[in-house]
Amino acid sequence: MRRLHAALNADAPRLDHHRIGPVGGMILFTISDAEPARPSAIVDRMARDKSQVTRVLQLLEAKGLIARQPDPEDSRATRLILTESGRETVVELEDALARALDKLLTPLDETERATLRDLLGKL
């Protein structure tokens, strides 16, 4: 995990042109997976403090990476969606993560990588 973190940090200045930080990136991934998502679902999925997630959601919205839309099931609530810029950012982050993982997994042959994918899938 440390090597993966170091590889991503090395790429961070080039990638994080929106200055959203690691938590912002994780929230974008989470919204992408559950879109449209209620803010409370993001808090639950990430197992983070509600106030921290709320601050980052406000930052992401101010930067034009996410948008809020009315929840059709509850007029008091909103749902979060990615904007086009948010989608582009998620793709950039996924590519960076894939490059970092590929570099980290270089010592493994394809059979070992497949075994690792299967084991991680079970977790």
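**Architecture and helix packing of the predicted model**

The protein chain has six helices and two strands, where helices (H or I, at least four residues) and strands (E, at least two) are DSSP runs numbered from the N terminus. The structure is a predicted model, in which local features need pLDDT of at least 70 and side-chain atom pairs count only at pLDDT 80 or more, whereas totals for chains, interfaces and linings use all residues. Residues are numbered from 1 along each chain as its sequence is written, and side-chain values use heavy atoms, with hydrogens and water left out.

Read from the N terminus, the order of elements in the protein chain is α-α-α-α-β-β-α-α. Of the 123 residues in the protein chain, 28% are buried, a class defined by a relative accessible area under 20%, with exposed meaning over 50% and partly exposed in between (1.4 Å probe, protein chains only). The accessible surface of the protein chain comes to about 8,300 Å², and 55% of this surface belongs to carbon and sulfur atoms; such areas come from the Shrake-Rupley method with a 1.4 Å probe, and for residues only the protein chains shown count as cover. Among contacts between residues at least 6 apart in sequence, 57% join residues at least 24 apart, a contact being heavy atoms within 4.5 Å.

The largest nonpolar core holds 18 residues, of which I27, L28, I31, I42, L57, L60 and I66 touch the most other members. Two or more residues are given to this core by each of helix 2 (21-34), helix 3 (39-46), helix 4 (50-62) and strand 2 (74-82). A nonpolar core is a set of buried Ala, Val, Leu, Ile, Met, Phe, Trp, Tyr and Cys residues joined through side-chain atoms within 4.5 Å. When residues up to four places away in sequence are not counted, I42 touches I27, T30, I31, A37, V53 and L80.

Two packed helices are described by the angle between their axes and the distance between the axes. Helix 2 and helix 3 pack at an angle of about 115 degrees, and their axes are 10 Å apart; helix 2 is thus roughly perpendicular to helix 3. Axes are lines fitted to C-alpha atoms, for helices over the stretch in contact, and angles run from 0 to 180 degrees between N-to-C directions. Angles under 35 degrees count as roughly parallel, over 145 as roughly antiparallel, 65 to 115 as roughly perpendicular and the rest as oblique. Helix 2 contributes V23, M26, I27, T30, I31, D33 and A34 to the contact, and helix 3 contributes I42, R45 and M46. T30, in helix 2, is buried with a relative accessible area of 10%. Beyond its neighbours within four places in sequence, T30 is in contact with I42, R45 and M46. The C-alpha atoms of T30 and R45, 15 residues apart along the chain, are separated by 7.5 Å.

The axes of helix 2 and helix 5 come within 10 Å and cross at roughly 110 degrees, and these two helices are therefore roughly perpendicular to each other. Their contact is made by G25, L28, F29 and S32 of helix 2 and by T89, V90, L93 and E94 of helix 5. T89 lies in helix 5 and counts as buried at 5% relative accessibility. With residues up to four places away in sequence not counted, T89 touches H18, I20, L28 and L65. E88 is also placed in helix 5 (residues 84-104), but counts as partly exposed at 44% relative accessibility. The C-alpha atoms of E88 and L65 are separated by 9.0 Å, and these residues are 23 apart along the chain.
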